[in-house]
Amino acid sequence: MNSNTHVIQVTNVSPSTTSEQMRTLFGFLGNIEELKLFPPDDSPLPVTSRVCFVKFLEAESVGVSQHLTNTVFVDRALIVVPFAEVDKSFAESPFLAG
């Protein structure tokens with residue numbers, strides 16, 4: 001696990017939660033570079049749970065954000081864990097080509 005990761009994975013996100021609500025919640029903990037919510041807000045598929053990835057500008061925000069684990073947001077207790085960023089040179093390796 002990359003201890004200098006800037007990314008968190010948030011699971012057990014309520015299906016009624018929007019990306020803007022997640023941006024507001026985690027924006028209090030640091031400057032957000034990028035936020036992705038899956039399935040996206042405009043997904044036509046029925047949603048039972050969502051997953052959110054938040055990339056902070058500062059790695060320190062990852063540690064702080066983990067304190068939100070078990071915090072009930074909307075109607076579910078969030079689970080926040082660091083997410084290892086993939087080294088692009090490794091991801092583009094010919095060994096991974098399928």
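**Before you click**

This is a predicted model, in which local features need pLDDT of at least 70 and side-chain atom pairs count only at pLDDT 80 or more, while totals for chains, interfaces and linings use all residues. Residues are numbered from 1 along each chain as its sequence is written, and side-chain values use heavy atoms, with hydrogens and water left out.

**Stop 1: the whole chain**

Colour by secondary structure and you will find three helices and six strands. Here these are DSSP runs, with helices (H or I) of at least four residues and strands (E) of at least two, numbered from the N terminus. Follow the chain from the N terminus and the order is β-α-β-β-α-β-β-β-α.

The accessible area is about 6200 Å², and carbon and sulfur atoms hold 58% of it; the method is Shrake-Rupley with a 1.4 Å probe, and for residues only the protein chains shown count as cover. Of the 98 residues, 28% are buried. Buried means under 20% relative accessible area, exposed means over 50%, and partly exposed is in between (1.4 Å probe, protein chains only).

Contacts (heavy atoms within 4.5 Å) are worth a look too: among those with a separation of 6 or more, 67% link residues 24 or more positions apart.

**Stop 2: S61**

Select S61, in helix α2 (residues 60-65). Is S61 buried or exposed? With a relative accessibility of 5%, S61 is buried. Beyond its neighbours within four places in sequence, S61 touches L29, G30 and F56.

**Stop 3: the phenylalanines**

Next, select F38, F53 and F83, which form one aromatic cluster. Rings of Phe, Tyr and Trp (its six-membered ring) pair if their centres lie within 6.5 Å; planes under 30 degrees apart are stacked, over 60 edge-to-face, and the rest tilted. The count by this rule is two aromatic pairs.

Start with F38 and F53: their centres are 6.1 Å apart and their planes at 70°, so this pair is edge-to-face. F38 belongs to strand β2 (residues 32-38) and F53 to strand β3 (residues 50-56), so the pair ties together parts 15 residues apart in sequence.

Then move on to F53 and F83, also an edge-to-face pair, at 4.9 Å centre to centre and 70° between the planes. F83 sits in strand β6 (residues 79-83) and F53 in strand β3, so here the linked parts are 30 residues apart in sequence.
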